[in-house]
Amino acid sequence: MRMSKLVGKTVKESPRDAEIPSHKFMLRAGYMRQYSAGIYGLLPLGMRSVAKIEKICREEMNAIEGQEVRMPCSATKELWDETGRYQTFGKDMIRFQDRNEKQMVLNPTHEEPVVYLARTEITSYRQLPLMMYQIQSKFRDEPRPRGGLVRLREFTMKDAYSFHATEEDLKEYYDRAHAAYIRFYKRTGCKNFVSVMSDNGVFGGKYSHEFQMLVPTGEDKLISCLHCKTSSNEEIATSPFIIKKNKLEKLEKVHTPNQKTIDGLSKFLQITPDQTAKAVIFQTLSGTPVVSFVRGDLDVISAKVRNLVKSEVVPATHENLVKAGAVAGSTGPIGLNLHNCYVILDHTVVKSTNLVTGANEKDYHYTNFNAERDFLSTVKEFEKEKVIIGDIAAARAGDPCEVCENPLQETRGIEIGNIFHLGTKYTKDMECTFLDQNGKKQYPIMGCYGIGITRLLPAIIEESHDDRGPILPLPIAPYEIHLCALNRKEEIVSEESEKLYKTLSGLGYEVLFDDRDEKPGSQFADADLIGIPYRIIVSPKTLAEGCVELKYRDNRMEARKIKVTEIIDVLKSEIVAEYKNYNNV
């Protein structure tokens with residue numbers, strides 16, 4: 001491709017709203033253009049890189065006996081009603097009416113459509129196991145799109161779904177898929193990525209893993225133990241924490257005027273935050289208040305709350321706070337209306353002694369609150385189902401590891417893929433069955449396997465760039481070779497660069513030819529910005545010596561002069577060797 005004809009010009013200045021390096025470089029280099037918040041279009045450079053990612057993905061999915069399908073982007077409300085997720089999925093789901101006033105959705109994920117397909121095609125245990133996958137657009141009305149292609153409202157995803165007769169068969173396939181993911185990420189040039197345990201969220205099931213690219217700009221917090229090598233997303237990370245236990249003191253109500261925060265309350269009473277119990281109030285999608293309590297020095301993980309009440313949760317409205325019997329700034333367990341709300345006590349609140357907590361009365365708190373004595377023992381039998389004891393606290397760096405008690409570490413990551421155990425949640429809800437060896441009706445057990453195709457490109461750029469632009473791995477770079485012709489007005493440069501471009505292209509190499517009449521500095525800046533691995537520079541100076549210059553975007557070695565008669569063989573040798581590094585994994 002000649003740069004004079006390439007759609008997508010380079011831009012010198014960084015866009016104002018570009019938050020992270022990949023966002024900045026992909027806009028400036030002409031990989032993509034923004035249409036609206038969270039909505040981007042790919043230009044030829046971006047398309048070529050994403051197409052290469054898709055190709056490697058297909059190869060790995062086919063290698064584990066996946067069968068590619070294409071499901072629709074939209075679906076009817078009735079399909080999502082079969083699992084109840086039309087009501088529970090939340091605001092991320094984009095809903096609309098067609099011309100016949102039929103309620104429709106843009107699929108944010110495809111469990112319902114794939115089970116619809118499976119129940120028409122799977123009838124016997126002899127067909128199992130099987131896996132169907134697609135590479136297709138998803139639509140989610142993200143409240144806070146960010147980072148260019150990192151978090152979008154419309155994005156391309158590889159989603160796969162496997163169906164099994166037994167849990168043992170699913171676990172065996174799950175492990176095969178996990179290994180295929182490792183190969184895929186290595187083949188696409190990912191270096192610093194990990195597999196961590198994660199939350200199943202709205203997808204259900206017993207276990208799941210995320211694949212995270214470890215970069216400082218990642219929006220996910222990962223909690224790891226370097227000693228025993230355990231690692232998980234903050235949403236499910238746990239710790240026994242360090243619990244202080246003292247002799248139980250008498251419960252007392254104290255006046256705490258205008259003290260509505262943990263920090264303020266702690267200073268007022270001359271205590272530390274870990275001697276308090278903090279209230280965080282949510283509500284389910286049906287409007288039931290969920291009053292959660294955690295030790296005051298810790299944060300609440302909403303995903304853990306969601307899993308305990310088995311519903312998505314959002315911050316509570318003032319109306320629902322009042323409905324629960326809570327008083328903002330002075331909320332505590334004692335006096336809550338258990339007819340109208342759930343109460344969740346974190347283990348740190350139950351195990352700690354003599355905490356300070358709200359009295360559900362303006363400007364008053366209780367001191368020496370002990371959960372078992374002062375609250376749990378007073379809950380009536382018919383109210384007990386409304387009180388839940390569980391883990392809702394966020395583990396932090398320095399907290400003890402649950403496995404070995406060594407200090408935990410924090411890192412940041414970008415989620416680039418995930419795999420889930422789904423069980424029979426969807427097949428049962430949608431009455432998808434098969435006949436087993438005895439002719440008895442059974443529900444297939446499902447696994448789900450996702451890869452963020454469009455997200456992977458910026459994630460790789462986040463881990464592989466310098467201050468001039470991306471340093472793209474060969475397997476996903478839009479072109480293999482960037483050919484720069486300096487001072488093309490000189491006949492020898494024009495002739496040799498054209499000849500080299502046609503020869504390399506004829507041999508099947510992917511070449512981006514800078515045939516523009518730009519100054520050397522501009523050509524080199526654009527080449528750095530685009531990030532293609534190999535650069536050939538044709539100039540009057542090098543040609544006078546019968547050479548061209550070979551430069552590497554990753555600076556693995558100094559630029560060197562190669563004889564014009566030898567450059568093809570040198571490139572062939574290096575490119576073949578480079579691909580082997582990625583494919584022999």
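Hi everyone, let's start with a pair of helices: H14 and H17 cross in a right-handed way. Please keep in mind that this is a predicted model.

Where are these helices? H14 covers residues 491–506 and H17 covers residues 567–583. Their axes lie 11 Å apart, and the packing angle is about 40°. That angle makes H14 oblique to H17.

Now for the residues that touch. On the H14 side we have Leu500, Thr503 and Leu504, and they meet Ile567, Ile568 and Leu571 of H17. Sorted by class, this contact has five nonpolar residues, one polar residue and no charged ones.

Let's move on to the aromatic rings. How many aromatic pairs does a search of the whole structure find? The search gives 11. One of them is Tyr181 with Phe211, a tilted pair with 5.2 Å from centre to centre and 35° between the planes. This pair links distant parts of the chain, as Tyr181 sits in helix H6, residues 167–187, while Phe211 sits in strand E10, residues 208–214, and the two are 30 residues apart.

Next come Tyr185 and Phe193. Their ring centres are 5.5 Å apart and their planes meet at 50°, so this pair is tilted. Tyr185 is buried at 0% relative accessibility, and Phe193, at 12%, counts as buried as well.

Methods
Residues numbered from 1 in each chain as written. Predicted model: local features only at pLDDT ≥ 70, side-chain atom pairs only at ≥ 80, totals over all residues. Heavy atoms only, no water. Axes fitted to C-alpha atoms, helices over the stretch in contact; angles between N-to-C directions. Helix = DSSP H or I, 4+ residues; strand = E, 2+ residues; numbered from the N terminus. Parallel < 35°, antiparallel > 145°, perpendicular 65-115°, else oblique. Left-handed = near helix turned anticlockwise from the far one by under 90°. Contact = heavy atoms within 4.5 Å. Nonpolar A, V, L, I, M, F, W, Y, C, P; charged D, E, K, R; others polar. Phe/Tyr/Trp six-rings, centres within 6.5 Å; stacked < 30°, edge-to-face > 60°. Buried < 20%, exposed > 50% of the residue type's maximum accessible area, 1.4 Å probe, protein only.
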